Every structure is written in structure tokens, then in C-alpha cells.
Amino acid sequence: MGVRVGARAGVELTVGEADTAQELGSGDVPVLGTPRALALAEAATVAATAGTLEPGLTTVGTRVELEHLAPTPVGRTVRAVATLLEAEGRRLVFEVTVHDGDTVAARGRVERVIVDRQTFVQRATGA
């Protein structure tokens, strides 16, 4: 067990009305909204570390760079893929791409940090 550079995972989404820029408040067009593309990319980073962390540990997002390059209409299926590029101590850096078929709809980097889940939640809630 352990996080390894090169770890890779993908997740898919069929774009629905609730995923559009109009519904998310990030624009007024009926295409995949950037916040949803980002959430999908982050889900791929989480999937890339699934089952590799010691019990009680998780990752949290700390930094994102995302270029949203092409519109994706409702009804299309997009696939986000995350590849772990760097693992330095607790810091993880992923390359992410979101594809609509052969088109790169979005791409960027997501940084996450490994944390103790219970301690993190306690700090967040003040418990």
C-alpha cells in the first residue's frame, strides 16, 4: 500500500441540466459548467489514490489550475482522467484532463495534501 507516482484513474459523467453553467451560476449557457468540470477532475484525483492510503488518512484539495477549453452540451459523456505526477511528503500533484470524445474539454493540475481524516474534521468543526 502507498501512493505511487504514475497512479491514474478516470471518472465519467453524462452532462445533465444540473451540470450546466446556467444551473451552476457560472454563466448563462446550457453547456458543462466549469465548476462541474473541476469537480469531475477532482473526483478523478480522489479515485487515483483510492485504496492506497493508510487507514484514517484522506486527501484534501489545496490548489487548482484548470483551463476549460471547449463546450460540452447536455447529453454528452465526458471522462476526467487524473495522473499523479509528484508525491513529496504529504503533497500530491496531479495532471488532469477532461475529454469529450476526442476533444480535450479541460485540462490542468490539481494539488492535494494527505491528512488525518479525524483530525481534519475536528479542526474544521471546532470539535
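## Thr72

Thr72 lies in the loop that joins strands E2 and E3 (helices, H or I, of at least four residues and strands, E, of at least two are DSSP runs, numbered from the N terminus). Because its relative accessibility is 0%, Thr72 counts as buried (under 20% relative accessible area, with exposed over 50% and partly exposed in between; 1.4 Å probe, protein chains only). Leaving aside residues up to four places away in sequence, Thr72 touches Val15, Val31, Leu32, Val78, Asp100 and Ala105 (contact means heavy atoms within 4.5 Å).

## Basis of the model

This is a predicted model, in which local features need pLDDT of at least 70 and side-chain atom pairs count only at pLDDT 80 or more, while totals for chains, interfaces and linings use all residues. Residues are numbered from 1 along each chain as its sequence is written, and side-chain values use heavy atoms, with hydrogens and water left out.

## Leu13

Leu13 belongs to strand E1 and counts as buried because its relative accessibility is 12%. Not counting residues up to four places away in sequence, Leu13 is in contact with Asp19, Leu32, Arg36, Leu40, Arg76, Thr77 and Val78. Between Leu13 and Thr58 there are 23 Å in space, C-alpha to C-alpha, and the two are 45 residues apart in sequence.

## Helix H2

Helix H2 covers residues 34-49, 16 residues in total, and spans 23 Å from first to last C-alpha, close to the expected 22 Å (1.5 Å times one less than the number of residues). Gly51, with a positive phi near 80°, follows H2.

The buried residues of H2 are Ala37, Leu40, Ala41, Ala44, Thr45, Ala48 and Thr49. They pack against strands E1 (8-14), E2 (57-68), E3 (77-88), E4 (91-100) and E5 (103-116).
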